[in-house]
Amino acid sequence: MGDHLVRGLGLGGRVRAVAADTTEVARELARIHQPTRTVTTALGRLATGALLLAASLEKVTTREPLLTLEVDGGGPAGRMFATASPAGWVRAFVANPRATAAPTDDGRLDVGSVVGRAGHLSVTRDLGAGRPYRGVVPLFTGEIAQDLAWYLTESEQSPAAVVLSLTIEPHGGVSGASGVLLQLLPGVTEGEARELTGRVKELGPLAASVCGPEGWLEALFPDGLEGAENTAVEFRCGCSKERVLSALRLIGAREVGGLLRDAERGTPAVMTCEFCRTPYEVGEAELRGVLGDIVSARLRASVN
Ligand SMILES: [Zn+2]
């Protein structure tokens with residue numbers, strides 16, 4: 001079975017559980033962004049974390065709700081973010097995919113150093129109606145999973161355990177990526193929480209085990225899950241020429257004018273999507289159209 005996510009309720013409805021195999025997503029992100037091994041790990045964890053969190057979003061309009069997980073830790077990787085939907089789509093961006101950090105003392109990839117520990121982690125939930133809700137916490141490990149658990153516990157008062165696991169071959173290929181998110185709802189006793197934490201620790205590096213999300217959840221909840229649902233997961237960008245033109249309308253008349261002059265001299269404007277690296281060529285007529293839209297929007301603003 002390919003990438004997928006399983007969600008359900010454990011302990012008689014008192015624990016929200018989500019587990020995902022995101023191996024193909026992590027491979028696709030590595031193919032698109034060509035990151036170093038350490039950034040591949042960070043990006044894979046971020047995308048998996050966004051998918052796990054997005055799984056609990058409710059659809060309130062016809063538009064798919066979106067969750068954006070952003071990490072800006074002040075490290076060499078720079079700003080990173082991933083956007084995911086409960087339908088199982090995810091895309092991710094990193095400012096500096098080529099960032100590196102020396103391995104940790106015990107030989108592991110030092111994700112915390114490449115991400116940094118000085119900035120913040122934010123979660124934005126956009127349900128497609130009303131204003132998106134955004135919560136922010138300071139980063140303290142830069143390892144992403146612990147920071148995400150801290151965010152849920154601190155900012156959303158929902159005690160949580162998060163495991164994000166990615167195994168990577170020496171030449172940089174992703175051999176497995178996965179994650180588990182458990183959120184304790186009211187009514188979980190301290191003893192139950194302790195027992196569950198112990199089982200989470202026993203799972204070990206998830207990505208290296210072959211049993212998949214169903215197997216991990218079975219190990220965590222031997223009594224089974226209520227309402228378990230299975231969703232296919234995939235990298236999906238959702239960019240289009242229309243969106244590129246909308247973005248151009250926001251960058252300003254002077255910049256678009258510059259692109260138009262270059263196009264008239266024979267250098268076409270090429271806008272590259274920062275999520276999937278798809279190049280979009282914007283022709284002279286389209287640039288003129290965008291320029292016209294910017295000017296008429298300004299006129300409207302000055303009249304009102
Ligand atoms: Zn794209």
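1. For the helix pairs below, an axis is a line fitted to C-alpha atoms over the stretch in contact, and angles run from 0 to 180 degrees between N-to-C directions. On that basis helix α7 (residues 241-251) packs with α9 at an angle of about 50°, the axes being 9 Å apart. Angles under 35 degrees count as roughly parallel and those from 65 to 115 as roughly perpendicular, so α7 is oblique to α9. The crossing is right-handed. Note that the model is predicted.

2. On the α7 side, this contact is made by L245, L248 and R249; on the α9 side, by E286, V290, D293 and I294. By class, the contact of α7 with α9 has four nonpolar and three charged residues, and no polar ones.

3. Helix α9 (residues 284-303) also packs with helix α8 (residues 253-264). Their axes come within 9 Å and cross at roughly 160°, which makes α8 roughly antiparallel to α9. Here the crossing is left-handed.

4. From α8, the residues in this contact are A253, V256, G257, L259, L260, A263 and E264; from α9 they are E284, L287, R288, V290, L291, I294 and V295. Ten of the residues in the contact of α8 with α9 are nonpolar, one is polar and three are charged. V290 and I294 of α9 are listed here and also in the contact with α7.

5. The domain assignment divides the chain into domain 1 (4-235) and domain 2 (241-303). Taken over C-alpha atoms, the centres of domain 1 and domain 2 are separated by 36 Å.

6. Turning to the strands, six of them form an open sheet with mixed pairing, in the order β7-β6-β3-β4-β5-β11. The edges are β7 (133-138) and β11 (234-235); each has a single partner strand, so one side of each is left without a neighbour in the sheet.

7. Within that sheet, strand β4 (residues 80-84) runs antiparallel to strand β5 (residues 89-94), and five bridges join them. F81 has F93 of β5 as its bridge partner. Helix α2 (residues 37-54) packs on the sheet, where it touches β3 (66-72), β4, β5 and β6 (120-126); the direction of α2 makes about 35° with that of β4.

8. What other helix comes within 9 Å of α2, axis to axis? Helix α1 (residues 23-33) does, and the two axes cross at roughly 130°. That angle makes α1 oblique to α2, and α1 passes α2 in a right-handed crossing.

9. V25, A26, L29, A30 and H33 of α1 meet T40, L43, G44 and A47 of α2 in this contact. The contact of α1 with α2 has six nonpolar residues, three polar and no charged ones.

10. Strand β1 (residues 4-10) pairs with strand β2 (residues 15-21) in the antiparallel sense over seven bridges, with V6 opposite A19 of β2. The two strands form a hairpin with four residues between them, and L11 in the turn has a positive phi of about 50°.

Note on methods:
Residues numbered from 1 in each chain as written. Predicted model: local features only at pLDDT ≥ 70, side-chain atom pairs only at ≥ 80, totals over all residues. Parallel < 35°, antiparallel > 145°, perpendicular 65-115°, else oblique. Left-handed = near helix turned anticlockwise from the far one by under 90°. Contact = placed C-beta atoms within 7 Å. Nonpolar A, V, L, I, M, F, W, Y, C, P; charged D, E, K, R; others polar. Pairing = 2+ DSSP bridges. Domains from an automatic or database assignment.
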